[in-house]
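Trainee: Could you take me closely through the ligand site of this model, with the cut-offs behind each term?

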Amino acid sequence: MSHTMVIFGASGDLTSRKLIPALYRQFCRGRLPTPTRIVGVSRSPFTSEQWREQLAQSTQKFVKDDFDLNAWNGFAEQIFYQAGDIENEQDFHRLAQVLNEIEAGQKTDRVYYLSTMPQLYAHAIAQLGKAGLNIDTNGARRVVIEKPFGTDLQSAQKLNIEIHQTFREDQIYRIDHYLGKETVQNMLALRFGNTIFEPLWNRNYIDHVQITVAEEVKVGRRGGYYDKSGILRDMFQNHIFQLMMVTAMEAPVRYTGEFVRDEKVKVLQAIRPYKGSDFAQYGVRGQYIGYQDEEGIPDDSQTETFAVLKFYLDNWRWRGVPFYLRSGKAMSCRTTQIVIQFREPPHMLFGNEKTCRPDANRLVIQIQPAEGMQLHFQSKVPDSDMKLRLSELDFRFDSSGKELPDAYQRLLLDALLGDPGLFARSDEVEQAWRIIDPIIAAWKSPAAPTLHPYEPGLWGPTQSSEWMEEQGRSWFDVCPII
Ligand code: BG6
């Protein structure tokens, strides 16, 4: 079976920075089905040869030591370029001809990757339909859609309706690159490949869960986009919810697309919607000092660059266990981690209650950049009179020192091979908006909680720690050792 990946937005940053390097690496590992052709489409008037040359340079820059000229030349033989404008119907008919020529009548599974501006998704898909490019009689036809999928529930529903006019749900692959991260999938391995964690993984033993996605970077040149989006749309509705879903879901019947996605969506369905004072009390908002001076940001912007949200899941496993979700730009360090804080022992045998350290009985799952996990527990100080100290078991996901594969490697291959398990389904995306929309609206209203300024390079506003302490808990504010 032959395969073709058509990339719309071929001259864009994502294509050169992520997509082509990911495909190239899979090619080098012999994992791309043969033949796999790559056809770039954008408005710029390149020839295939010119595009290949540009990609050779950018790929070399991004894959560094993995670049091998011989391998690249083999890979590049299957790269083509076709100039085209999403606004122009004729260009899609021309593309259809070009694809037929390249594929030479072979049965071919084709993936259309929309790496364009989000406003163009619906239009591009309608044009694919008008040119008959969605018809799957001579091989599968799939469409991959980048984030963001809508900007709220209404726009996501509208986009789903528009796409469904051309493609069936099973042909639609909505990307959330967090699901392609090895360590996110490892969470499933950890939970469902062992028996030691699962009996404890519930309200009887877990006090609370913290999910933190901290970034050291600021908004940089993405100010125009970011200020309209804010952190709730940029990180919570998608990536952080995905992390919460893999942490909280039940075991699927089988590890295949629909079964996994069924269980994930149930987590979102179990989230207790905010009511009344929850909007003000269940979160903390912050903006780093200097944000308003960034390029493209209004001087009086009230957009959050930091947020905490507390959620409860109303189901048997999690009832009463708070999930604290936190993310921010301009934080101390880059770290994505999930902290499972187990309950304290019911009765302290050694010393008094004060000797029970709240930071013991904790599992820290490091998603990035220090992929691994640590178990924190109490042990006896040697040669002491039952004095306890905090100890740690430390596991590194890949101790060989090799970099883990980029999320796109896995996701692009899955899209080519037709495995939708690590892509978001329409109901999942809509449900995520259903949860986040009212919070965004409330945070824009006069009743919004205060937007706290914070110094870059810390763990967000001090109010975030105070807020946690008021609940008798504390954040795990530790930069991982890489
Ligand atoms: C993107 C957001 O989806 O994810 C960015 O738009 C964010 O603002 C990025 O920086 C984080 O991804 P990663 O893989 O670097 O954690």
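Mentor: The residues of the shell around the ligand divide into 7 charged, 3 polar and 2 nonpolar, where Asp, Glu, Lys and Arg count as charged, Ala, Val, Leu, Ile, Met, Phe, Trp, Tyr, Cys and Pro as nonpolar, and the others, Gly among them, as polar. This is a predicted model, in which local features need pLDDT of at least 70 and side-chain atom pairs count only at pLDDT 80 or more, while totals for chains, interfaces and linings use all residues. Residues are numbered from 1 along each chain as its sequence is written, and side-chain values use heavy atoms, with hydrogens and water left out.

Among the residues that surround the ligand are Lys 147, His 177, Lys 181, Arg 222, Met 235, His 239, Lys 329, Arg 334 and Gln 368, a residue being counted if one of its heavy atoms lies within 4 Å of the molecule. Helix H8, residues 223-248, gives the most to this shell, with 3 residues; helices are DSSP runs (H or I, at least four residues), numbered from the N terminus.

For Asp 234, a polar side-chain atom lies 2.6 Å from an oxygen atom of the ligand. Of the 400 Å² of accessible area that the ligand has on its own, the protein covers 81%, as computed by the Shrake-Rupley method with a 1.4 Å probe.

Notes:
Polar contact = N/O pair within 3.5 Å; in protein donor to acceptor, adjacent residues only side chain to side chain. Helix = DSSP H or I, 4+ residues; strand = E, 2+ residues; numbered from the N terminus.
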